[in-house]
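Visitor: I'm new to this one. Can you walk me through a few spots?
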Amino acid sequence: MSGRAQLMWDEAVTGYNFGPGHPMDPVRLALTMRLVEAFELDRGPLEVVAAKPAGDSTLRLVHRQDYIEAVRRASADPAAADLSYGLGTADDPAFAGMHEVSALIAGQSVGAAEAVWRGDAAHAVNFAGGLHHGMPGGASGFCIYNDASLAVARLLELGAERIAYVDVDVHHGDGVQAAFWDDPRVLTISLHEHPRTLFPQTGWPEETGGEGAAGSAVNVALPAGTGDEGWLRAFHAVVPELLGAFRPQVLVTQHGADTHFEDPLAHLAVSLDAQRAVAESCHSLAHEHADGRWVALGGGGYAVVDVVPRSWTHLTAIAAGRPIEPTTVVPESWRHEVFRRTRQLAPQRMTDGRTPQWRDFLDGGYDPADRLDQAVLATRRAVFPAHGLLP
């Protein structure tokens, strides 16, 4: 296996644009790439690669052909978008070229999976990806094609027998869970805000996989307001033990930045520093349990200047083996670029000034009256016995 890391990037992915006023502003992608370049991460051990768009045969690994055709029709004529497929809605407005750019983003995630499986790279990042709500027959939650599911499906097609998917976006990774609900070869783990208070209102701990795949779906439903300590406590109380029992050959992770306390669409209170800590943990877990094979994706994140570019630049730097010290000053050239594009002032450092700490769930005991601990224990009780683990 190569020691190199790959960053999947084609500037055309910034064409994934639902229009003015939509939260999914593609400037977040452009600003992330400019920050990666400002830190010169695109030199040295990180290879920037543009993969080809996913063709219909690849898209059909997850999506129905009639849906692909509906996306293509809406792409050619947005006014003709078929609402029955979730196209032309407030969440997923149709736009010209929608099929082409969605297939391009999917192609980057599929290319990342191929590179890692074939040993062309140890780690591969596609921060334009992580569109985890897309369903086999419909768009949902700002997601047209589910590139995360397609990456996992491609790994299965290439011969992988055990794949772990860990999703730390604030929203439940419902599309990926649905795609592999009945497949025991894929372990999906999602940590997200509780479905009582956030879209898509799924991801209850009782959702544990279909017939013949008991325990293959894992859901940690976090109380609104959960901050760094609780978020990290929940992650470490669930993810490492399950990966140790499952023994994945590849780890695919989704790093939606919308858990942040500044995000306008959700209600968790996680810092950039805790997001960075989870990225570091995913990197370590890939080496510990998956021979270093790690595919890291982006996802949600709607604080498009202050949070997303820094969070995903940290992720990219970790994958490249050049982690950025949190107190590092943000390059002045990037701050000028932010102001030029958005007329907003950019953050000054690569940190929120936090030092995330948490109490270990097992070593430190748990509080049965604490809502966070109740959520963790509900998940452990629901799925740990299926993996031979004590709840």
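Guide: We'll take a few residues, a strand and a helix in turn. This is a predicted model, where local features need pLDDT of at least 70, side-chain atom pairs count only at pLDDT 80 or more, and totals for chains, interfaces and linings use all residues. Residues are numbered from 1 along each chain as its sequence is written, and side-chain values use heavy atoms, with hydrogens and water left out.

Visitor: Where does His260 lie?
Guide: His260 sits in the loop between β7 (250–254) and α8 (272–289). Helices (H or I, at least four residues) and strands (E, at least two) are DSSP runs, numbered from the N terminus.

Visitor: Is His260 buried or exposed?
Guide: His260 is buried, with a relative accessible area of 1%. Buried means under 20% relative accessible area, exposed over 50%, and partly exposed in between (1.4 Å probe, protein chains only).

Visitor: What does the side chain of His260 make a polar contact with?
Guide: The side chain of Asp352, at 2.7 Å. The His260 side chain also reaches the backbone nitrogen of Glu262 at 2.9 Å. A polar contact is a pair of N or O atoms within 3.5 Å; within protein, one must be able to donate a hydrogen and the other to accept it, and residues adjacent in sequence count only if both atoms are side-chain atoms.

Visitor: New topic. Which strands pair with β8?
Guide: β3 (residues 123–126) pairs with β8 in the parallel sense over four bridges. β7 and β8 also pair in the parallel sense, over four bridges. Two strands pair if DSSP finds at least two bridges between them.

Visitor: Which residues are buried on the two faces of β8?
Guide: Trp294 and Ala296 are buried on one side, Val295 and Leu297 on the other.

Visitor: And what about Asn219, where is its place?
Guide: Asn219 is in strand β6. At 1% relative accessibility, Asn219 counts as buried. Its side chain has a polar contact of 2.8 Å with the side chain of His172. Another, of 2.9 Å, joins the side chains of Asn219 and Gln177.

Visitor: Which residues does Asn219 touch?
Guide: Among them are Ser190, Trp204 and Thr379, not counting residues up to four places away in sequence. Contact means heavy atoms within 4.5 Å.

Visitor: Which residues of α11 are buried?
Guide: They include Leu372, Val376 and Thr379. What covers the buried residues of α11 includes β6 (217–222) and α7 (228–246). At the start of α11, a side-chain oxygen of Asp370 reaches to within 3.0 Å of the backbone nitrogen of Leu372.
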